[in-house]
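Here is a walk through one protein model, written for someone who would rather look than calculate. Keep the viewer open while you read.

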Amino acid sequence: MSSDIGKFDATKLAMMEIYDFPRGPYPARVRIALAEKNLRSRVQFEMVDLYKGEHKKPDFVATKNYSGTLPVLELDDGTRIAECTAITEYLDTLDGAPILTGRTPREKGLIHMMNKRAELELLDAVSVYFHHATPGLGPDVEIYQNAEWGFRQRDKAIRGMYYFDGVLKKQKFVAGELFSMADITVIAGLIFAGVVKLPVPAECEALQGWYARMQERPSVKNRVTMSEPAG
Ligand code: GTS
């Protein structure tokens, strides 16, 4: 495998397409992964307007993503991959040299576990709060809301912040000593928490310090502007 790594040339990769919402927290996960992997130039973004409900239109659900969510990666042979974790794994392993999803069985196991926890305990919980207990994407898109469920998930997300604070007191990154997909998912959770004005509790100093460091990474800092034409 090591001889293949030296030969990898990203410019020879066919262009990929991503159905995307530039400021969205979930799309941010893939934008950050693309930048970390230096694959931005191999991708074209196609904007799908969430506030107009374009992701719930029958044609999008039938042909792009059954779940009616973004982002979706489309390969040049027409294959579509939804789910940020799946997209990140695909992008990370394209060059045979994964840096986000683990290189050894141990790393892979830990990263997958912490990534799932970041979804369950933080990002997805904030998302449910947004869709159920705030105006969300507006009355035309949010056709079913359950505020009580939304507030429970908000409280779950705050508990999740305390959990990750405890993790980051003991180690540099969410899944250990290396930046990984699990960090990206917690970053997305805190981006979404910012959107819904759910601050990280002041006493979660380790989480706050880690987030300040993460926001300095070019992949995180430039994630929205990366789709705008150069110059
Ligand atoms: N499990 C999916 C994943 O990990 O990809 C969730 C994707 C998701 O919820 N995406 C959001 C979405 O499509 C995009 S954003 O809100 O972060 O911009 N939400 C629209 C909706 O109606 O749920």
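What follows goes from the overall build to the sheet, then to the helices and a few single residues.

**Ground rules**

This is a predicted model, so local features are given only where pLDDT is at least 70, side-chain atom pairs count only at pLDDT 80 or more, and totals for chains, interfaces and linings use all residues. Numbering starts from 1 along each chain as its sequence is written, and side-chain values use heavy atoms, with hydrogens and water left out.

**The overall build**

The protein has nine helices and four strands. Helices (H or I, at least four residues) and strands (E, at least two) are DSSP runs, numbered from the N terminus. Reading from that end, the elements go α-β-α-β-α-β-β-α-α-α-α-α-α.

How does the radius of gyration fit a compact globule? For 231 residues the globule value would be near 17 Å, and the protein has 18 Å, which agrees. That radius is taken over C-alpha atoms, and the globule rule is 2.2 Å times the number of residues to the power 0.38. Along the principal axes, the C-alpha trace spans about 55 × 45 × 35 Å.

Buried residues account for 48% of the 231; buried means under 20% relative accessible area, exposed over 50%, and partly exposed in between (1.4 Å probe, protein chains only). Of the contacts with a separation of 6 or more, 68% are between residues 24 or more positions apart, where contact means heavy atoms within 4.5 Å.

**The sheet**

The four strands form an open sheet in the order β2-β1-β3-β4, with mixed pairing. Two strands pair if DSSP finds at least two bridges between them. Why is one side of β2 (43–47) and of β4 (80–82) left without a neighbour in the sheet? Both stand at the edges, so each has a single partner strand. From one strand to the next, the twist averages 25 degrees.

In general, strands of a sheet pair through backbone hydrogen bonds, either parallel or antiparallel. Here β1 and β2 run parallel and are joined by five bridges, with M16 opposite V43 in β2. Strand β3 (residues 72–74) pairs with β4 in the antiparallel sense over three bridges, and L73 stands opposite I81 in β4.

Two helices cover parts of this sheet. Helix α4 (residues 84–93) packs on the sheet and touches β1, β3 and β4, with its direction at about 125 degrees to that of β4. Helix α2 (residues 25–36) lies across β1 (16–20) and β2, at about 150 degrees to β1. These angles run from 0 to 180 degrees between N-to-C directions, and axes are lines fitted to C-alpha atoms, for helices over the stretch in contact. Strand β1 is largely enclosed by the rest of the structure, because four of its five residues are buried.

**Helices around α8**

Helix α8 (residues 205–215) packs against α7 (residues 181–195), and α6 (residues 147–170) packs against α8 too.

| Pair | Angle | Axis distance |
|---|---|---|
| α7 and α8 | about 100 degrees | 11 Å |
| α6 and α8 | about 75 degrees | 7 Å |

Angles of 65 to 115 degrees count as roughly perpendicular (under 35 is roughly parallel, over 145 roughly antiparallel, the rest oblique). So α7 and α8 are roughly perpendicular, and so are α6 and α8. On the α7 side, D183, V186, I187, L190 and I191 meet L207, W210, Y211 and M214 in α8. From α6, the residues M161, F164, D165, L168 and K169 meet E205, A206, L207 and W210 in α8.

**Single residues to look up**

G150 sits in α6 and is buried, at 0% relative accessibility. Beyond residues up to four places away in sequence, G150 touches V128, Y129, H132 and A133.

H55 is in the loop between β2 and α3 (58–63) and is buried at 4% relative accessibility. Its contacts beyond four places in sequence include F60, G68, L137 and V141.

Most residues other than glycine have a negative phi, and most peptide bonds are trans. E83, in the loop between β4 and α4, has a positive phi of about 80 degrees and is partly exposed at 48%. K197, in the loop between α7 and α8, has phi near 55 degrees and is exposed at 70%. The peptide bond from L70 to P71 is cis, with omega near 0 degrees, and P71 lies in the loop between α3 and β3.
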